[in-house]
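Please look over the sequence and the structure shown here before reading on.

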Amino acid sequence: AVIVLLAAVVLSLTLRGSGRAELPPGSPGAAFQAYLESYQAGDFDAAYAGFTARAQRLMPLRELERAASDWGDEMLEGQRVVLVRTDERGERATLHLRADGVGGIGFLGPGRNSWDLTVPMATEGGSWRIDEPLVGIHEY
C-alpha cells in the first residue's frame with residue numbers, strides 16, 4: 001500500500017533564516033531536515049550520518065567535506081526548500097521538494113529560481129536516512 005502524505009500547509013525547510021517547519025519526529029521529512037541543518041552548521045559528520053550505507057559507499061565523508069568547501073555557503077544562501085509531499089512505501093520513501101532561491105546573473109541582475117527535486121529515503125537501523133549522496137540539496 002502506498003501512503004501519500006500531503007501537506008495541508010506548505011512545510012518550509014528554510015535555509016539561512018527563520019520559518020523552520022515542525023515535522024513529525026521520526027518521519028522521512030524530519031530526517032532530511034536534520035541532515036540539512038547539520039550540513040548548514042558545518043557538522044559534516046552529523047550530516048553524513050543521515051545517509052544510508054549505500055549512499056556513504058558512493059560518497060566518502062572526505063568527499064562531502066571537499067565538495068561543501070568547494071561550493072561554499074553561496075549555494076545555500078537565500079534558498080528555501082519546501083516539502084511538497086512524501087510518498088511512503090514500507091521502508092522506502094520519496095520526498096518531493098521545491099527549492100526556491102536567488103541565482104544566476106541575467107540582464108537585470110540575479111533572478112529567482114525554482115526547481116523541483118526528489119530525495120529517496122530508506123529506513124536503516126530503525127531511522128530514516130537519505131539514500132543518495134547529496135551536497136546540501138544538490139545531487140553528488
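Predicted model: local features only at pLDDT ≥ 70, side-chain atom pairs only at ≥ 80, totals over all residues.

## Helix α1

Helix α1 runs over residues 28-40 and thus has 13 residues. From its first C-alpha to its last it reaches 19 Å, which is close to the 18 Å expected at 1.5 Å a residue.

Since 10 of the 13 residues of α1 are buried, the helix is largely enclosed by the rest of the structure. The buried positions are Pro28, Gly29, Ala30, Phe32, Gln33, Tyr35, Leu36, Ser38, Tyr39 and Gln40. Just after the helix, Gly42 takes a positive phi of about 80°.

## Aromatic pairs and the aromatic cluster

The structure holds 5 aromatic pairs. In one of them, the rings of Tyr35 and Tyr39 have their centres 6.2 Å apart and their planes at 40°, so this pair is tilted. Both residues lie in helix α1, where they are 4 residues apart, about one turn of the helix. In general, an α-helix has 3.6 residues a turn, so residues three or four places apart point the same way.

Tyr35 is buried, with a relative accessible area of 2%, and Tyr39, at 6% relative accessibility, counts as buried because the cut-off for that class is under 20%. Tyr39 also forms an aromatic pair with Phe44, and this one is edge-to-face, with 5.4 Å from centre to centre and 70° between the planes. Phe44 is buried, as Tyr39 is. Tyr35, Tyr39 and Phe44 belong to one aromatic cluster, which they form together with Phe32, Tyr48 and Phe51.

## The salt bridge between Arg54 and Asp131

A search of the whole structure finds 7 salt bridges. One of them is formed by the side chains of Arg54 and Asp131, which meet at 3.4 Å, N to O. Arg54 lies in helix α3 (residues 53-58), whereas Asp131 lies in the loop between β5 (127-130) and β6 (134-135), so the pair ties together parts that are 77 residues apart in sequence.

The two partners fall into separate accessibility classes: Arg54 is partly exposed, with a relative accessible area of 38%, while Asp131 is buried, with a relative accessible area of 6%. Arg54 and Asp131 are, moreover, linked with Arg92 in a network of salt bridges.

Within helix α4 (residues 61-71), Arg66 and Glu63 lie 3 residues apart, about one turn of the helix. Their side chains meet in a salt bridge, at 2.4 Å from N to O. Arg66, at 40% relative accessibility, counts as partly exposed, whereas Glu63 is buried, with a relative accessible area of 18%.

A further salt bridge joins the side chains of Asp87 and Arg85, at 3.2 Å from N to O. Here Asp87 is buried, with a relative accessible area of 18%, and Arg85 is partly exposed, with a relative accessible area of 29%.

How values were computed. Residues numbered from 1 in each chain as written. Heavy atoms only, no water. Helix = DSSP H or I, 4+ residues; strand = E, 2+ residues; numbered from the N terminus. Expected span 1.5 Å × (residues − 1). Buried < 20%, exposed > 50% of the residue type's maximum accessible area, 1.4 Å probe, protein only. Phe/Tyr/Trp six-rings, centres within 6.5 Å; stacked < 30°, edge-to-face > 60°. Salt bridge = Lys/Arg side-chain N within 4 Å of Asp/Glu carboxyl O.
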